[in-house]
Structures are given as structure tokens and as C-alpha cells.
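Dear colleague,

Please find the structure below, followed by a short account of what was found in it. I would be grateful if you could read the two side by side.

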Amino acid sequence: MTNDQIKQAVLQIISVIAPDEDLSRLKSDVALREQLELDSMDFLDIVMELRKRYKVEVPEADYGHLASLDSCATYLEPKLKDK
Amino acid sequence: MTRDWLKGVKDEYDAIIIGSGLAGMTAANRLATCGYSVLLLEHHYNFGGMATWFKRKGGHIFDISLHGFPIGMIKTCRKYWSADIAESIVQLKGIRFDNPQFSFTTSFDRADFTDKLVNHFKIPADTVEEFFKFARGMNFYDDQKITTRELFERYFPGRPDVWRLLMEPIAYANGSTLDDPAITFGIVFSNFMSKGVYTFQGGTDKLITKMKATLKANKVDLRHHALVEKVLLEQGRVAGVVCNGRTIRAKSVLSNANLKSTIHKLVGDEHFSPEFLREAAAVRLNSSSCQVYMGVRKGESIPYVGDLFFTSTHPEFDTEALNSMAVTSRTYSFYYPDTRPGSDRYAIVCSTNANYADWITLSEEDYRREKDKLIKGVVDTLERYLPGVSAKIDHLEASTPRTFEYYTRHMAGASFGTKFEGLKISQNLSKAIGGLFHAGSVGIIMSGWLGAINYGVIMANEVDKYLRQDVAVPAPVREETPPAMSESHV
């Protein structure tokens, strides 16, 4: 997957977890939590969905890398390059 | 011949869940929606664990723990159950206090508590604001040595009346005390302060019925009257369970039984390392409860006097007094007809915290006498606020720590799980025994309906992670990790 495809994939997951949020104006370089009402359970859901959909494991110590769309893509890119 | 409650159960599952409390049911649902084969085993005839109810002659229905939980429950139910379940969650607006220090009604949210603290208790607005901010910001990575007492000393020194306002409802909600880590208070209190106290309209029976239907639709194999006697291990890993005398194999087992029962009874001490057992032995169980159930006769009604009523004649907040048999500090939950729309019935349930040790040592005769005394104290107190109410009550019944022990099989009848240190042991169980997980009321924060459901989700995530690994790898090494959560789940 390319960097852009990963961002789209994460957005798709967020749209399922937080169906009431308007994701059209989301800034990719700003923390998700500053733009959306996401709590730590929502981030756990994102991790579970990433595992389910793309067989990628995000260890607890790396949760910080999921802060913004950009940082998600940078972090996940090497893990998803063959998917 | 006795009925075979396990008829049709398969020989093997991906996951077996022991116990159908809200954590167990939620974990089962999550794992089933991930595509795993799941068997849920419940020893009782009803599902729900402490989220339960019972019926009595005369058309009475009594809820054990329906009132109330924080607003976070709406989002949690929508995500992990269904929009339909989430839509039945409604606010309880009348929370009333009456004790020697203060007497008023509150909506139990930040705006109204700020108003009470500033205008009634005359605390500077800045202090109140700072306190709320601090409590809201507390998380697991904070220093856990500061106790709730020290937190209160910092913001409200010499104000036992304020301490009582802040602490008493939380002590009823989760059995915590002034000497527990402040984080246990901060998280639970902040969750309630967000938007107040909520309940499930339709009653516990409706909620559990809907959850059961969802589990069935997601192909979870649900069994009641199914008592798990043992968790089976092979080469240090989970291999299945023995239930009603029958062996059922599984790749993973998630226990929603009490944490201590899981370790000492279901698995057995011989399977744990001495250091794990030392830590497990240091885990304190939380206190137990008594409840008195008052059913109002059909055709009779009581006026609206609030939904939750905290009453006491004790001079100030005092954990020992709260748990003692001579308790005067009680919570009354009032269930009006709109609890179950279409019904015309009223019920009142009074809860008090209790020590198991006080009740277990009684002779049968003394036990009956103490129960009668408990009921009389509860009804007499209510009569002072609602004159004539006792003549309208046609069903009276009490439960004690013995009753909680009987129905939940929790060690010492614990009705709020374990103290704070239990959380780490619960989370590390799978590091001691591969494939064995625990979800249930632990650590004070992971208790209550919302805490239990969220913890079920957190541990289902761990089971999923485990099941996706190559099951042939050797048993994992023991190590310690910080809890996965950085903030409130309760």
C-alpha cells in the first residue's frame, strides 16, 4: 500500500468507529484527537481493525504513532508495503 | 434424570468464555464478530452476572444494579452492541442527598456540582475548576501513590462535608475508600461529572434479552446451568475447560469469574510461579453489599422523590461505618413505571456496602435476625421521607454478602471485584498461562456496567491478538507491561 492508500484505509476505519464525525475536513498533519471526539477505546478499535483487515500488529508502545493521519501512514508504511 | 445443559456443544472452540457478566458477554460478542467460534458458559439460569434482575409473586420485578452509569455507556453500547441498545439509555435527573452535613437534589454533573460547591459549600470557583481539571486529567501513568484522601486534602482541606459529597456516591458505585489510589476516584468521578447519571429504559431484563439475541445472531453458543469446574492446561497453555463434568477443548479461555477464583480454583496454584502467586495473594478483594427489595402493591403509587437517594445519619463520611452492620448510610434507587414503559409498577431497592466477614460467621438464627433488622432499618428510614410508604409495600426481601456469593460465586461475595492492584494481575494472566485471559470487575476502575463492558472489549482484543499468533510458539515469557489504558473506561 502507498502512503495515500494507508491514509484512506485509516479514514475508512475511523468512519466506522465514529460514524457521526465529519471526516471531509480532517487535516492529516493535526492530531486526530484535536479534531475528533476519539478516546482511548476508539484507538483500541483502530488497532483491532488494522489487525483484522491488514494483519498488522501495532504494539501498545507504538500507539503514539497513531496520533495523526500523517504519522499513521509514516508508521504503517513499512509494515504494509507488501499489502 | 437431569437435563444435559451442554447438549449439542462442540468438542472444540476458538474461545470459551467463563461467566456471562457484561465483560464476558461483550468479549464473546467481539470475538464472534471477528469470526471466531465462541462458547459462553454461565452457571446460573440467567445471563448478565451482576447486571441482573428477579421477579416475585404479585408482579414485582427488582433490578440489582440498573441505576446508574455514566454517559459513556451510550457510545460504548453503540460501538460494541447495537444502536438499538444505545438508544434506550436515558438520564436520571434527580440525585438526592440527605445527611447531617447537607441536604439537596442535584443532576450530578459538573455544572451542577460546580454550582453546589461554589454557592452551597462556599468553595472559591478557581479551586473547584482546578479540582475538576486535575481529576479529569488523571491517568494510569500518573503517580499512583497519591490517595483520594490526599487529593481531597490538597483541594478541600478541613472540609469533611465536601469530602462526603464527592466520595459517598463513588463509594456506593465501586466500593472505593479514601485510602485507595486517587486515580480510582478521579476516573470514575470525572466520567459521571461529564453529563450525569444514566439508566437503561426497559429494565435489566430488556437489556440482557437484547444482548442474548445479538450473541445468538452472531453465532455465539450460549449455555446456562453450565458450571466450569476447571481450566485445562497442556504444556503450560490453555487447552480447554471441564464444565458440568465434560471436557470441552479451546484455543483460548477468557474468565469472567472473579479474579481470585480464576487463579486459585479454576486453574490451581500449582500452575503459577511463586512470584505470580505472591503478587496475586496481595490482591485485595473489594467489599460486598446488602440490598433490600421493596415491591409496591399493584394499584398503589408513590410520588416522584428522585431517582437515587443517598441518605445517612452518620456525622461524616466514614468507610468503616459505611460497611458496618449498624450502617445508616444507604442508597435508595427508585424505580417508577417509566423504568419499564407500559408498566404501572413501582419498586424501591436500597443498597448498602457490607463486609463479608460480618455476615458469614452468623448462625442461621442470627442471620435471619440480622436480615430482619436490615429490612426494618431500611423501611423505617424510607417511611421518614415517604410517610405511609410501608403500608403500600407488599413484598420485602433482603440480600446479603452470602446471597452475592451464592449467585455470583465471587470469593467473599465481592460485589465490586478487586482493589486497584488486581488490574495488573488480571492483565498479566496471559503472560503466566498462554491463552488464559481475565475480564471482569478489577482495579476499581474496571467495574460498574461501563467499566465491565469496556474491559471486555480490551481483553477481547488481547484474545484476538493471541489467536492470530502461531499457536505452536512456546509459552510467552513473563514480563510486565503497563496497563493498555491511558484514561477513563468506567
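Which side chain of chain A does B:Arg30 meet in a salt bridge? The partner is A:Asp45, with a distance from N to O of 3.6 Å. Please bear in mind throughout that this is a predicted model.

Across the interface of chain B and chain A, the rule finds seven salt bridges. It also finds nine residue pairs in polar contact there, with both residues at pLDDT 80 or more. On the side of chain B that touches chain A, at least two residues each come from α1 (22-33), α2 (72-80) and α18 (448-468) of chain B. Of the elements on this side, α18(B) gives the most, with nine residues.

As to extent, 18 residues of chain A are in contact with 22 residues of chain B. The size of an interface is often expressed as the accessible area lost when the parts come together. Between chain B and chain A the buried area is about 1700 Å², and carbon and sulfur atoms give 46% of it.

Regarding confidence, the predictor assigns the complex an ipTM of 0.89 and a pTM of 0.92. The average pLDDT of chain B is 93, and 95% of its residues score at least 70. Residues 472-490 of chain B, however, have a pLDDT that stays under 50; for this stretch the model has 63 contacts beyond four places in sequence.

With kind regards

Definitions and conventions. Residues are numbered from 1 along each chain as its sequence is written. Chains are lettered from A and ligands numbered from 1 in the order in which they are written. Side-chain values use heavy atoms; hydrogens and water are left out. Contact means heavy atoms within 4.5 Å. Buried area is the accessible area (1.4 Å probe) that two parts lose on being put together, summed over both. A salt bridge is a side-chain nitrogen of Lys or Arg within 4 Å of a carboxyl oxygen of Asp or Glu. A polar contact is a pair of N or O atoms within 3.5 Å; within protein, one must be able to donate a hydrogen and the other to accept it, and residues adjacent in sequence count only if both atoms are side-chain atoms. Helices (H or I, at least four residues) and strands (E, at least two) are DSSP runs, numbered from the N terminus. pLDDT is the predictor's confidence in each residue, from 0 to 100.
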